[in-house]
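I am opening my notebook on one structure. I will jot down what I look up, entry by entry.

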Amino acid sequence: MKTLFEKIIAREIPAQIVYEDDLVLAFRDINPQAPTHALIVPKRPIPRVAEAKADDQPLLGYLLFKAAEVAGKLGLGKDGFRLVINNGADGGETVPHLHVHILGGRYLKWPPG
Ligand code: AMP
């Protein structure tokens, strides 16, 4: 069964797409936790970062590189931003398809709580 994000990748569910290439897709989060909140996902369906395989390492690097690039494209380059990866139940992961949250547009407290 396809995950929610696989359905977004396949255009079966609408999303506000902000970046796409052959390997990754970035779109606005439906329930933003900051003035700017997007998600970037690999098109390859890795459930979560802890389940990435050795072969996935180049893709993980690419995902992070593109996350920073998308943050810049969304206007977060000057004031800063946060990238978050939730992993598993205690990590707050709700969609079992690896995704990096891109958050910014306000000061983000640390620790997040
Ligand atoms: P996580 O809790 O780390 O698994 O993050 C999942 C994120 O997906 C949450 O921030 C949700 O608001 C977001 N989300 C859920 N459904 C959609 C959707 N249809 N389009 C965009 N973002 C979504």
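**Entry 1: around the ligand**

How many residues surround the ligand, and which are the closest? I count 16 residues around the ligand. The closest are Asp-29, Asn-86, Thr-94, His-99 and His-101. I note here that the model is a predicted one.

A nitrogen atom of the ligand lies 3.2 Å from a backbone N or O atom of Ile-30. An oxygen atom of the ligand lies 3.0 Å from a backbone N or O atom of Val-95. His-101 uses its side chain instead: an N or O atom there is 2.8 Å from an oxygen atom of the ligand.

How much of the ligand does the protein cover? On its own, the ligand has 500 Å² of accessible area, and the protein covers 84% of that.

**Entry 2: the pocket and the shell**

I then asked where the ligand sits. I find the ligand in the largest pocket. Two elements give two or more residues to the shell around the ligand: helix H1 (4-9) and strand E2 (24-28). H1 gives the largest share, 3 residues.

I also sorted the shell by class. I get 7 nonpolar, 6 polar and 3 charged residues.

**Entry 3: His-101**

His-101 is in strand E5, residues 100-104. Is His-101 buried or exposed? Its relative accessible area is 12%, so I write down buried; the cut-off for buried is under 20%. The side chain of His-101 also makes a polar contact with the side chain of His-37, at 2.8 Å.

**Entry 4: pairs in sequence and in space**

Here I looked up C-alpha to C-alpha distances.

- Ala-67 lies in helix H2. With a relative accessible area of 0%, Ala-67 is buried. Ala-67 and Ile-40 are 27 residues apart in sequence, and I read 6.4 Å between them in space.
- Lys-43 is in the loop between strand E3 (36-42) and helix H2 (57-73). Its relative accessible area is 24%, so Lys-43 is partly exposed. Lys-43 and Asp-22 are 21 residues apart in sequence and 7.7 Å apart in space.
- Asp-21 sits in the loop between strand E1 (17-20) and E2. Its relative accessibility is 15%, so Asp-21 counts as buried. Asp-21 and Asn-31 are 10 residues apart in sequence and 24 Å apart in space.

Which peptide bond is cis? I find the bond from Trp-110 to Pro-111, with omega near 0°. Pro-111 lies in the segment after E5.

What is phi at Arg-11? I read a value near 65°, which is positive, and the residue is not glycine. I wrote both cases down because most residues other than glycine have a negative phi, and most peptide bonds are trans.

Where is Arg-11? Arg-11 is in the loop between H1 and E1. At 45% relative accessibility, Arg-11 counts as partly exposed.

Key
Residues are numbered from 1 along each chain as its sequence is written. This is a predicted model: local features need pLDDT of at least 70, side-chain atom pairs count only at pLDDT 80 or more; totals for chains, interfaces and linings use all residues. Side-chain values use heavy atoms; hydrogens and water are left out. A residue is near a molecule or strand if one of its heavy atoms lies within 4 Å of it. A polar contact is a pair of N or O atoms within 3.5 Å; within protein, one must be able to donate a hydrogen and the other to accept it, and residues adjacent in sequence count only if both atoms are side-chain atoms. Accessible areas come from the Shrake-Rupley method with a 1.4 Å probe; for residues, only the protein chains shown count as cover. On a 1 Å grid over the protein atoms alone, a cavity is a set of points where a 1.4 Å probe fits but cannot get out, and a pocket is an open set with protein on both sides within 12 Å along at least five of seven lines; lining residues have an atom within 4 Å of a point. A molecule sits in a cavity or pocket if more than half of its atoms lie within 2 Å of its grid points. Helices (H or I, at least four residues) and strands (E, at least two) are DSSP runs, numbered from the N terminus. Ala, Val, Leu, Ile, Met, Phe, Trp, Tyr, Cys and Pro count as nonpolar, Asp, Glu, Lys and Arg as charged, and the others, Gly among them, as polar. Buried means under 20% relative accessible area, exposed over 50%, partly exposed in between (1.4 Å probe, protein chains only).
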